Amino acid sequence: MIHEIGQRPTSSRVAVLNVLMESEFPLTHHELLQTLTQEAPFDRVTLYRVLDWLVECNLVHPILGDDRARRFQLTQRNAKHHHAHFECSSCGKIFCLDEVKPRIPNSVPSHFTVESVELNIKGQCDQCNSAKN
């Protein structure tokens, strides 16, 4: 993925991308650091820099949860991030809802340029609902 955008795949960049590719859910900085340090030491400042670079290159996108922590997820190839997220108010997991596409409102002034629209839906995920019953 890094080669495809004409950039240099450093070991840190590749390690972070690999963790995100293997994850079912978007991960916080802390969760990423925990996973990365299971294999070898990984510096938290390096992780911040790599995540900023990956977001800047549109390889990863951040999602802000209710807890104000940014979670990171791989961006679909050849596409900007345009789908909704569901955040479970019990377990805190965030799920992508690829089939739910936010719409740009018609009331945006014509001289504005919209780059992304975020739609965050909150409620109970199926596992938390099942645990209640």
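Tutor: Let us begin with a term: a residue is called buried when its relative accessible area is under 20%, and exposed when that value is over 50%. Please keep in mind that this is a predicted model.

Student: How confident is the prediction, and which elements have the lowest and the highest mean pLDDT?

Tutor: The protein chain has a mean pLDDT of 84, and 90% of its residues reach 70 or more. Among its elements, strand β5 (residues 94-97) has the lowest mean, 78, while α3 has the highest, 95.

Student: Which residues of helix α2 are buried?

Tutor: The general idea comes from helix geometry. An α-helix has 3.6 residues a turn, so residues three or four places apart point the same way. In α2, which spans residues 29-39, the buried residues are H29, L32, L33 and L36. These four lie on the same side of α2, because they cover an arc of only 95° around the axis. H30 and Q38, on the other side of α2, are exposed.

Student: What of E87 and its partner?

Tutor: E87 forms a salt bridge with K122, and their closest N and O atoms are 3.9 Å apart. E87 is in strand β4 (residues 84-88) and K122 in strand β6 (residues 120-123), so the pair ties together parts that are 35 residues apart in sequence. E87 is buried, with a relative accessible area of 10%, whereas K122 is partly exposed at 44%.

Student: How many cavities of 30 Å³ or more are there, and what lines the largest cavity?

Tutor: There is one cavity of 30 Å³ or more, and the largest cavity has a volume of about 40 Å³. Its lining includes I63, L64, F86, I121 and both E87 and K122. The elements giving two or more residues to this lining are β2 (60-64), β4 and β6.

Technical notes:
Residues numbered from 1 in each chain as written. Predicted model: local features only at pLDDT ≥ 70, side-chain atom pairs only at ≥ 80, totals over all residues. Heavy atoms only, no water. Buried < 20%, exposed > 50% of the residue type's maximum accessible area, 1.4 Å probe, protein only. Arc of directions from axis to C-beta. pLDDT = per-residue confidence, 0-100. Salt bridge = Lys/Arg side-chain N within 4 Å of Asp/Glu carboxyl O. 1 Å grid on protein atoms, 1.4 Å probe; cavity = no way out; pocket = protein on both sides within 12 Å on 5 of 7 lines; lining within 4 Å. Points joined across faces, edges and corners; volume = space filled by probe spheres on them.
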